[in-house]
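Visitor: Could you walk me through this model, one feature after another?
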Amino acid sequence: MAEHFAVNGGARLAGAVDVVGAKNSVLKLMAAALLAEGTTTLRNCPEILDVPLMADVLRSLGCTVTVKGDTVTIDVPAEPGAQADYRSVSKLRASVCVLGPLVARCRRAIVPLPGGDAIGSRPLDMHQAGLRKLGATTEIEHGRVVAQADELRGAQIWLDFPSVGATENILMAAVLADGTTVIDNAAREPEIVDLCTMLQQMGAKIDGVGTSTLSVLGVSGLQPAEHRVIGDRIVGATWAFAAAMTRGEVTVRGVDPHHIDLVLDKLRTAGADTVVGTEEFTVRMDQRPTAVDFVTLPFPGFATDLQPMAIALSAVAEGTSMITENVFEARFRFVDEMVRLGADARTDGHHAVVRGVDRLSSAPVWASDIRAGAGLVLAALCADGQTEVWDVEHIDRGYPRFVENLRGLGADIQRVEGEPNR
Ligand code: UD1
């Protein structure tokens, strides 16, 4: 049965909300467990659909996985399978991150290529080039990445772009390679730091963690670990935008505010007050936001995953904003749905120009991916009347307890079953 969110706009969000572990961290940490025989335990895991999907991918490789509340336990056999099951992988793009660990552990990997994505093309050329530098052969055969290596040797690798996924796959292969690997122009997202922290706990030798030059001295074996996943900065920042847009006051707990320094600075420029603690922060907005410009870039730049929230804020701000998307070329597609809510927005290539309006107006809209869906809900919170947001399974993939969290802050939102009327 299809579901939608029915959102009645106009409520001011107030109160506190707890954020759990990051989706973009936990899936990679689950893959990293493959690097060591034995039982790895992950805590603070988000209860989102992608976690059981990743568990299925690992099961297809011979692991025993239990997902109980916020704890995921992965028991890895002495010889994991090298071929991931197509049905499991096709449901979850992030599952390509088993490629590096499998090459490292089994010296071969067969991973089906997931299909296209609503936010733009997501090639694996940098993942493959990095693995080749380490001595593996990799081909795309019958829709699968096939990688093989008699031995992996440390190498100097320069990435064309600081790709999160390529950095992770190369890193997870390099930790068991012979000698030293240097990954230059590496991504330095907090989720990569989290992965490095767990790998170090497993016995990996990594220098330069948190910088764009990672130096990895390969070791002959790793041990399983117990690890607490870092809080989800994208979810935390989504609530920060929601507070600013509804002229509310929201305290977000469970996220390191330094992971979203730039976001908080933008919101202050838009007129918000912020109070920053160690693992929490508060955003308060007393007036209509002032328009600000946003440019998406790899961390520590403004996250592309928050671009829909930037568009939503700009749609109700005083003045005109320019939003520049530098990471995923098709990520502006959802802007047409924003326009259905009354946003005055126009896109041209990498840029969107948004002229803020006094009030948005409700309409049925469709979420095309996780973050676009969240951005549409934020816009709906500021729209007159009842907005129906459809295809909410996308939102459920990235935001645990999305409706409950918003209701806890005073939003008028409900999950409703039924088919769309179109
Ligand atoms: C991850 C995140 C995603 C986030 C993105 C950028 C996960 C599960 N997903 O995705 O939420 O939006 O980082 O912060 O962690 N590229 C290539 N060749 C490659 C690899 C990437 O051209 O081999 C390009 C992509 O098309 C894109 C850019 O590099 O334009 C960035 O992609 P990347 O950082 O790899 O994103 P993901 O790891 O897929």
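**A guided look**

Guide: Let's start with asparagine 169, which sits in helix 6 (residues 164-174). Helices here are DSSP runs of H or I with at least four residues, strands are runs of E with at least two, and both are numbered from the N terminus. Keep in mind that this is a predicted model: local features need pLDDT of at least 70, side-chain atom pairs count only at pLDDT 80 or more, and totals for chains, interfaces and linings use all residues. Residues are numbered from 1 along each chain as its sequence is written, and side-chain values use heavy atoms, with hydrogens and water left out.

Visitor: Is asparagine 169 buried or exposed?

Guide: Buried means under 20% relative accessible area, exposed over 50%, and partly exposed in between (1.4 Å probe, protein chains only). Asparagine 169 has 0% relative accessibility, so it counts as buried. Leaving aside residues up to four places away in sequence, asparagine 169 touches Val96, Cys97, Val98, Leu99, Gly100, Pro101, His127 and Leu131; contact means heavy atoms within 4.5 Å.

Visitor: And which way does aspartate 348 go, buried or exposed?

Guide: Aspartate 348 belongs to strand 19 (residues 344-348), and at 61% relative accessibility it counts as exposed.

Visitor: How do I read two packed helices?

Guide: Two packed helices are described by the angle between their axes and the distance between the axes. Axes are lines fitted to C-alpha atoms, for helices over the stretch in contact, and angles run from 0 to 180 degrees between N-to-C directions. Take helix 1 (residues 23-32) and helix 7 (residues 190-201): they pack at about 30°, with axes 9 Å apart. That makes helix 1 roughly parallel to helix 7 (angles under 35 degrees count as roughly parallel).

Visitor: Which residues make the contact between them?

Guide: Helix 1 brings Asn24, Ser25, Lys28, Leu29 and Ala32, while helix 7 brings Glu191, Asp194, Leu195, Met198 and Leu199.

Visitor: What about sheets?

Guide: Two strands pair if DSSP finds at least two bridges between them. In this model, four strands form an open sheet in the order 22-24-1-25, with mixed pairing. The edges are strand 22 (364-366) and strand 25 (412-417), each pairing on one side only. The twist from one strand to the next averages 25°.

Visitor: How many bridges join strand 1 to strand 25?

Guide: Six, and strand 1 (residues 3-8) runs antiparallel to strand 25. Histidine 4 stands opposite valine 416 in strand 25. Helix 12 (residues 370-381) lies across strands 1, 22, 24 (386-390) and 25, at about 30° to strand 1.

Notes:
Angles under 35 degrees count as roughly parallel, over 145 as roughly antiparallel, 65 to 115 as roughly perpendicular and the rest as oblique.
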